[in-house]
Amino acid sequence: MIRAIVLLIAFAVTTGTAGAEEASINLAGIGSRKCSYWLSGPDHRLEGTVWIYGFWSGLNYVAASSQQDQPKTNGTAMITAVEVACKGNPSQILASAAWAAYIDSNQK
């Protein structure tokens, strides 16, 4: 059941902003804002970094509870990976960039 929910969320988040809106994902905080907002200043950057840590930790928790692999990365690499994803497409929502970075980190 949890795996099905994770896959549904994964599909919706990876489809980008439109997909998230169509799926009506209830994202809390800065994760629902565009990457350009997160990258726009130090206060937004700090808020987004804290959000990314929580989101990533939540993904790891679900992965562990469903016996799936988790990325072996540290906080700095995690934020750098999301930053790269955001700079590549600043109009995507932060949650989409974080999800893409998580999946990419898990494949390495």
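Biologist: Okay, charged side chains to start. What does Glu-83 form with Lys-87?
Modeller: A salt bridge, with the closest N and O atoms 2.8 Å apart. Keep in mind that this is a predicted model.

Biologist: Noted. Where do Glu-83 and Lys-87 lie?
Modeller: Both are in helix α5, four residues apart, and that is about one turn of the helix.

Biologist: Is Lys-87 buried or exposed?
Modeller: Lys-87 counts as exposed, because its relative accessibility is 54% and the cut-off for exposed is over 50%. Glu-83 counts as buried, at 18% relative accessibility.

Biologist: How many salt bridges turn up in the whole structure?
Modeller: A search finds two. Besides the bridge from Glu-83 to Lys-87, the side chains of Arg-45 and Glu-83 meet in one, at 2.9 Å from N to O. That pair links distant parts of the chain, since Arg-45 sits in helix α4 and Glu-83 in helix α5, 38 residues apart.

Biologist: And which residues are linked in a network of salt bridges?
Modeller: Arg-45, Glu-83 and Lys-87. Arg-45 counts as partly exposed, with 25% relative accessibility.

Biologist: New topic: disulfides. How many does the structure hold?
Modeller: One. Cys-35 and Cys-86 form it, and their sulfur atoms are 2.1 Å apart. The link is left-handed, with -55 degrees about the S-S bond.

Biologist: What does the pair of Cys-35 and Cys-86 tie together?
Modeller: Cys-35 lies in helix α3 and Cys-86 in helix α5, so the pair ties together parts that are 51 residues apart in sequence. Cys-35 is buried, at 0% relative accessibility, and Cys-86 is buried at 0% too.

Biologist: Tell me about helix α4. How many residues does it have?
Modeller: α4 has 24, running over residues 42-65. From first C-alpha to last, α4 reaches 34 Å, close to the 34 Å expected at 1.5 Å a residue.

Biologist: What do the buried residues of α4 pack against?
Modeller: They pack against α3, α5 and α6. Among those buried residues are Gly-48, Ile-52, Leu-59 and Ala-63.

Biologist: What comes after α4?
Modeller: Gln-67 follows α4, and its phi is positive, near 55 degrees.

Biologist: Now rings. How many aromatic pairs does a search of the whole structure find?
Modeller: Three. Trp-51 and Phe-55 are four residues apart in helix α4, about one helical turn. Trp-51 is buried at 16% relative accessible area, and Phe-55 is buried at 18%.

Biologist: And how are the rings of Trp-56 and Tyr-102 placed?
Modeller: Their centres are 5.2 Å apart and their planes at 75 degrees, so this pair is edge-to-face. Trp-56 belongs to helix α4 and Tyr-102 to helix α6, 46 residues apart, so to speak a link between distant parts of the chain. Both Trp-56 and Tyr-102 are buried.

Biologist: Which residues do ring pairs link into a cluster?
Modeller: Trp-56, Trp-99 and Tyr-102.

Biologist: Last one. Where is Gln-92 found?
Modeller: In the loop between α5 and α6. Gln-92 is buried, with a relative accessible area of 13%, and its side chain reaches the backbone oxygen of Ala-85 at 2.9 Å.

Methods: Residues are numbered from 1 along each chain as its sequence is written. This is a predicted model: local features need pLDDT of at least 70, side-chain atom pairs count only at pLDDT 80 or more; totals for chains, interfaces and linings use all residues. Side-chain values use heavy atoms; hydrogens and water are left out. Helices (H or I, at least four residues) and strands (E, at least two) are DSSP runs, numbered from the N terminus. The expected span of a helix is 1.5 Å times one less than its number of residues. Buried means under 20% relative accessible area, exposed over 50%, partly exposed in between (1.4 Å probe, protein chains only). Contact means heavy atoms within 4.5 Å. A disulfide is a pair of cysteine sulfur atoms within 2.5 Å. A polar contact is a pair of N or O atoms within 3.5 Å; within protein, one must be able to donate a hydrogen and the other to accept it, and residues adjacent in sequence count only if both atoms are side-chain atoms. A salt bridge is a side-chain nitrogen of Lys or Arg within 4 Å of a carboxyl oxygen of Asp or Glu. Rings of Phe, Tyr and Trp (its six-membered ring) pair if their centres lie within 6.5 Å; planes under 30 degrees apart count as stacked, over 60 as edge-to-face and the rest as tilted.
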